[in-house]
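Dear colleague,

I am handing over the structure below, together with some notes on what was found in it. Please look through it first and then read on.

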2 protein chains.
Amino acid sequence: MLRLTKKADYGLMALKYLAEHPDAASVSAKDIADTYGIPPQLLAKVLQRLTKVGLLRSHAGMNGGYELSRAARTISAFEVIHAIDGPLFITSCTKGSKSCELEPNCTVKEPLERVNESIAGVLRSISIYDLVDHETAAARASGLQQLVSLSHAM
Amino acid sequence: MLRLTKKADYGLMALKYLAEHPDAASVSAKDIADTYGIPPQLLAKVLQRLTKVGLLRSHAGMNGGYELSRAARTISAFEVIHAIDGPLFITSCTKGSKSCELEPNCTVKEPLERVNESIAGVLRSISIYDLVDHETAAARASGLQQLVSLSHAM
DNA sequence: TGAAAGAGGACTGATCGAGTCGGAGTTTGT
DNA sequence: ACAAACTCCGACTCGATCAGTCCTCTTTCA
């Protein structure tokens, strides 16, 4: 599976939308929800979480809404996903600080954590800005792909 | 989240165990389950699936069990995970051939699919053999990490 | 022939994601 | 001042999926 939740998707979509409309002083959750066909209240929660983490600034009241607190280039996909879905662990045993102590023989965990770090590195290298500008994102991703392939001959 | 299922974990652990015991003609599911404290019947299903895919060979009857059908170096973590958890999609909308047609505006999907390919590349570069030999796996993973970091200055 | 192993379908319980509801607090336009 | 348009937040339901179990059948070998 290895997929991220819809909430994380929504969060990325919303940030992308905000990055595309830097002129707008403030965009409401409803605006974004209507644009993408997302359940408004669900998107609202996502945006609230992103606000709490500090990626967004909110304005209550009429004509209120959200705006990016930082430049789109400096916000990585990793930050967004981490804020919404929590810390990502590829191993199912590692749940926060509590590791699977029932299986001390689980030597598989360590190398997989390295893999986990690699994946986090990929996500860290993608910014919200990259989502807007398709060509650079595509070039960067395929570049990463080549680097990965080069490091090991399958 | 972005985590793989316990079944996939069990599968990797089992393959690692088999790679560590190449001398044994055949190892039963119960042996592996006892070693790691895994529910035997659950592990059995995982091994059956891996057999069906062709990663393992099975021998029924007394003193029966499983053995790797290929060298551990030629079996990637990606194959194992794919066999057990199915195709991995980082985007939650892309479910097999049926994409989310409700949201044609979902322009986030395309760049994320690139990310998906990068992650698949990382998993493809890790073999079962790497799980046994910790040092090379660690070196490789950190190597990938460096390459990723170099390609983009955060 | 019987014990030990794999193969596999059916089923249950638990967990978690997706989405909804309702209400409370805040700002702003008029 | 008032109401509209927002954000904010907790609780709740529903459904899917995962984890694990049970039972039966087949195969193999001593």
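To begin with a single residue of this predicted model, B:Ser125 is buried, since its relative accessible area is 3%, and a residue counts as buried when that area is under 20%. B:Ser125 belongs to helix H5 of chain B, which covers residues 109-125, and its side chain reaches the backbone oxygen of B:Val122 at 2.7 Å.

Elsewhere in chain B, strand S1 (residues 56-59) and strand S2 (residues 65-68) pair in the antiparallel sense, with four bridges between them, and B:His59 is found opposite B:Gly65 of S2(B). Five residues lie between the two strands of this hairpin, in which B:Gly61 has a positive phi near 85°.

Turning to the DNA, which residues come nearest to DNA strand C? Of the 26 residues around DNA strand C, they are A:Lys6, B:Ala29, B:Lys45, B:Ser58 and B:Tyr66. Among the atoms of DNA strand C within 4 Å of the protein, 62% are part of sugar or phosphate, while the rest are part of bases. Bases of DNA strand C are approached by both chains: a backbone N or O atom of A:Met62 is 3.2 Å from a base oxygen, and a polar side-chain atom of B:Gln48 is 3.2 Å from a base nitrogen. On the phosphate side, an N or O atom in the side chain of A:Tyr10 lies 3.2 Å from a phosphate oxygen of DNA strand C.

DNA strand D is surrounded by 23 residues, of which A:Ala29, A:Lys45, A:Ser58, B:Lys6 and B:Gln41 are the closest. The residues of this surface divide into ten nonpolar, nine polar and four charged, and of the atoms of DNA strand D within 4 Å of the protein, 59% belong to sugar or phosphate, the rest being base atoms. A polar backbone atom of A:Gly61, in turn, is 3.4 Å from a sugar or linking oxygen of DNA strand D.

How values were computed
Residues numbered from 1 in each chain as written. Chains lettered and ligands numbered in written order. Predicted model: local features only at pLDDT ≥ 70, side-chain atom pairs only at ≥ 80, totals over all residues. Heavy atoms only, no water. Pairing = 2+ DSSP bridges. Near = heavy atom within 4 Å. Polar contact = N/O pair within 3.5 Å; in protein donor to acceptor, adjacent residues only side chain to side chain. Nonpolar A, V, L, I, M, F, W, Y, C, P; charged D, E, K, R; others polar. Buried < 20%, exposed > 50% of the residue type's maximum accessible area, 1.4 Å probe, protein only.
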